[in-house]
Structures are given as structure tokens and as C-alpha cells.
Amino acid sequence: MRAVKSYLIIEKGLIEDRVFPVEKQVTIGRNPDNTIQLTDPNVSKRHALVYLIGDQAVVEDLGSQTGTFVNREQITKAILSNGDTLQVGNVTFRFFQKEIPKKQSWLADILKANQPENSVRLDEGIYLPPEMRHAVRYSPFFERIPRGRNFSRRSHMLIKPLSEVPLFSSLNKEDLARISQVARLMVFDQGRTIIQQGDRGKSLYIILDGTVLVFTYYYPASKVLLAILSENQFFGEIAFLTGAPRSATVKALEKTLLCELSFEAMREIVQRSPIVKDILEQCARERINDLEAKKRAAGLVEQRRHQRFVLKLPVSFSVSSTSKVPDQVRGKLFQSISQNISISGIRIKVQDRSLLWLPMGCKLRLEIHLPRPWGPIRCLGTLRNIFEGKRGQEFACLGIEFTEMPQAYRKKLVYFLCS
């Protein structure tokens with residue numbers, strides 16, 4: 001039988017973001033003896049029960065006054081599927097279920113590796129030699145494990161788990177050993193925030209043991225849950241590729257061991273092994289498209305810095321020669337039509353499928369043809385996102401941020417948009 005873990009995550013309510021593992025059974029209600037106690041007056045004393053039958057989660061209404069709803073439909077009893085919403089009173093949960101790979105012992109083995117005599121115990125399974133204990137900033141939020149001669153065995157042990165990460169499957173043992181030397185291990189307790197949406201940072205994180213929750217905010221009361229990630233998966237690739245602030249918040253669902261690779265370390269890795277960058281870019285595109293789909297499903301529209309105008313303008317563009325791009329697009333002039341435009345950027349429709357493989361952050365030379373009497377404007381833009389069309393549609397959309405535009409053209413664009 002496959003091993004799965006199930007979670008209920010409060011998506012909307014007074015204790016938003018709380019995570020509750022579903023093991024044998026979970027009761028929901030106002031009474032303090034419930035597994036999940038809710039103070040909402042619309043919740044009954046014993047409102048609902050969630051329990052497991054094999055690897056299936058079942059929710060059952062316990063005769064509540066206001067009812068229990070799954071995906072907005074009132075139920076007496078129902079099987080929960082991954083991603084379902086569960087509403088109890090005014091509180092909305094999201095149900096997640098994640099298949100867990102065969103349990104590995106990296107969390108215990110790596111942290112306890114080469115435990116020196118007379119070492120100082122910081123936390124469960126984490127030891128520092130006496131001469132190093134003052135050199136590390138210790139925080140209850142996470143523990144940073146320094147590199148050094150006392151941790152040489154740790155570097156050797158990292159090679160095997162790193163080789164099982166699909167991102168690094170093409171690397172040889174020498175490259176894996178090099179990565180293990182520059183990697184930093186970090187342990188986060190359950191519920192701790194690993195990265196925060198909007199933060200600056202370009203590190204990439206590999207999950208060696210544990211599980212994390214990924215979500216993003218759009219308005220103070222609007223949040224989209226994106227994914228649950230576990231062993232051998234990674235996150236942080238969008239900020240690494242684009243240099244933009246973090247696009248999502250990541251929290252630990254349980255005690256989690258991460259391998260952090262700095263921007264400098266990852267840059268060397270992708271230079272030595274271009275296939276690693278290809279995988280990162282493909283994953284970034286898939287996650288951005290998934291985010292857009294979930295935003296549309298949730299009825300959310302992202303707040304923008306400037307108003308966007310839905311205008312169909314002819315656009316000519318080429319990829320800057322300074323960008324590392326596929327040979328089939330290098331030096332080629334493309335024709336497209338804008339989908340919308342603002343003072344800060346433009347979204348254009350394209351039909352050439354080779355453009356889907358453009359790297360995030362590459363530079364584009366644009367000529368936007370405004371109607372008479374305004375005439376064309378020229379500028380340099382940075383590719384920020386790619387959205388594939390719906391099934392059956394041949395076009396895709398490129399989101400481009402204006403980065404360099406002569407002052408005369410910028411004034412012309414402002415006057416045109418505001419006229």
C-alpha cells in the first residue's frame with residue numbers, strides 16, 4: 001500500500017494558515033475537547049469528523065446546525081480528494097494529500113554525522129564542536145550547520161540523497177561532491193516560515209526530508225494555496241532565474257531538512273551543466289502557468305502597479321544578442337499583437353512555439369506601433385512570465401517589463417495612454 005500524508009489547512013478564518021495533520025481521526029467543533037477547536041458561533045459543539053479508511057479521507061457531518069460543505073455542496077458524508085475545500089461555519093479548510101516516498105533517514109543520519117566528543121547539543125540531532133559553537137548564530141526558527149573538518153562525513157553523505165533529486169540526476173559524482181561542499185543544511189520546525197512572499201533572495205532549496213506548504217497572497221484577505229512539496233523536490237527557482245522578489249510563501253508542514261544552494265553556487269552549477277537550467281526553466285514555466293490557472297479559478301485579479309489598457313497594437317521584437325537563448329530564435333525578428341499595455345510593461349500574443357523556451361529574465365528589443373499621430377516607440381524589455389494558451393489555442397502570451405526606454409518615447413507612451 002502506498003504511503004500518504006493528509007492535511008487540513010485553514011484557508012479562511014480567524015486562525016488562517018494553521019495546518020492540522022489527519023492521522024486516525026480529527027474532530028472539528030466549538031468544544032475544547034475537539035482536535036480542531038473553532039470559536040466561530042456558526043460552528044456546532046461537535047460539528048464534523050474527518051477520518052481515514054486506508055489512504056482515503058472521509059468527512060462526516062455530526063448533525064451540525066449549519067451543515068458541512070465540500071466544494072460548496074452540503075454533505076452528510078463524503079470522501080475528500082486532494083485540493084477539496086471543506087467549509088465548517090465561516091471557516092474554510094483546504095484538504096491536501098501527498099504521497100510520501102519511502103522514508104529516508106537523512107534527517108537523523110546527516111545531522112548526527114561525525115558527532116565529535118565533548119560536542120555541544122543545540123537541538124534534537126544537531127551537534128556543534130566546542131570550538132565552533134560561538135561561530136554560529138542560533139535561532140529557534142532554524143539551525144544553520146557550519147561546514148568544516150568536523151562535518152566532512154556530512155558532505156560525503158549528501159552525495160547519495162542529492163543524486164536522487166531529479167534536478168541533479170544528470171550530474172556525475174564529482175559535480176555532486178562539489179555541490180555538497182557548498183550546500184548549507186537548514187532545519188525548520190513545523191509551522192515555521194522558510195521564505196516569505198516579497199522577500200529578496202535568490203537561493204534554491206532542495207527538500208531532503210520533510211514536507212512544505214507553498215501559497216501566495218494577492219489581497220490582505222485573498223490567498224491561493226499552490227502545492228505541497230516533499231523529499232527530492234525543490235523551490236525558489238523563479239527568484240533564482242528572474243532576480244524578482246519571492247513570488248510565494250513557503251512554510252514547513254513538519255520538521256523539515258533543507259539543502260540551501262546560494263545564487264553563486266547555482267550559477268556555477270548551471271554553467272557547468274546547462275540541462276539543470278533547462279529543468280529549472282521548465283519547472284518555473286509550469287508553476288507560473290499553474291498559479292495563473294488557480295488565480296482564475298479563485299476569481300482573483302492581481303493588483304498591478306499601473307492600470308493596464310486592453311489594446312491590440314502591432315509589436316515587432318527580437319531577442320537581445322546578450323541573452324543566452326535557443327539558436328532558432330537568435331537574430332530573428334518576430335511579429336505579434338499586444339494583449340494589454342501599461343506604462344510599465346506589455347503583454348503580447350505569439351504563435352511561434354520556440355518562444356516558449358525563452359529563459360526568464362532575457363532581454364527583448366521592442367518596437368510598439370502606436371496609431372497615428374503617435375507613431376512607433378522603441379525600448380528594451382525583460383521577459384517576466386510566459387503563459388501558454390488554453391488547449392486548442394495556438395498562441396501563447398509573453399509578459400514583458402519595460403526596462404530601458406528613451407525619455408521621448410516614454411513621454412509619448414504616457415500621453416497616448418492618458419489621452
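1. The model is predicted, so local features need pLDDT of at least 70 and side-chain atom pairs pLDDT 80 or more, while totals for chains, interfaces and linings use all residues. Residues are numbered from 1 along each chain, and side-chain values use heavy atoms, without hydrogens and water.

2. Helix H7 covers residues 407–418; helices are DSSP runs of H or I with at least four residues, strands runs of E with at least two, numbered from the N terminus. Leu-413, Phe-416 and Leu-417 of H7 are buried (under 20% relative accessible area; exposed is over 50%, partly exposed in between, with a 1.4 Å probe and protein chains only). They sit on the same side of H7, because their arc around the axis is only 95° (taken from the directions from the helix axis to the C-beta atoms). Gln-407, Ala-408, Tyr-415 and Cys-418, on the other side, are exposed.

3. There are four aromatic pairs (Phe, Tyr or six-membered Trp ring centres within 6.5 Å; planes under 30 degrees apart are stacked, over 60 edge-to-face, the rest tilted). One of them, Tyr-205 with Phe-235, is stacked, at 5.2 Å centre to centre and 15° between the planes. Both residues are buried.

4. Trp-374 and Phe-416 form an edge-to-face pair, at 6.1 Å and 70°. Trp-374 lies in the loop between strands S26 and S27, 42 residues from Phe-416 in H7. Trp-374 is partly exposed at 27% relative accessibility, whereas Phe-416 is buried at 11%.

5. The charged end of Lys-202 sits over the ring of Phe-263, 4.6 Å from its centre (NZ of Lys or CZ of Arg within 6 Å of the ring centre and within 35 degrees of the ring normal).

6. The disulfide count is zero (cysteine sulfur atoms within 2.5 Å). Cys-259 is buried at 0% relative accessibility, and Cys-397 is buried at 7%.

Note on methods. The expected span of a helix is 1.5 Å times one less than its number of residues.
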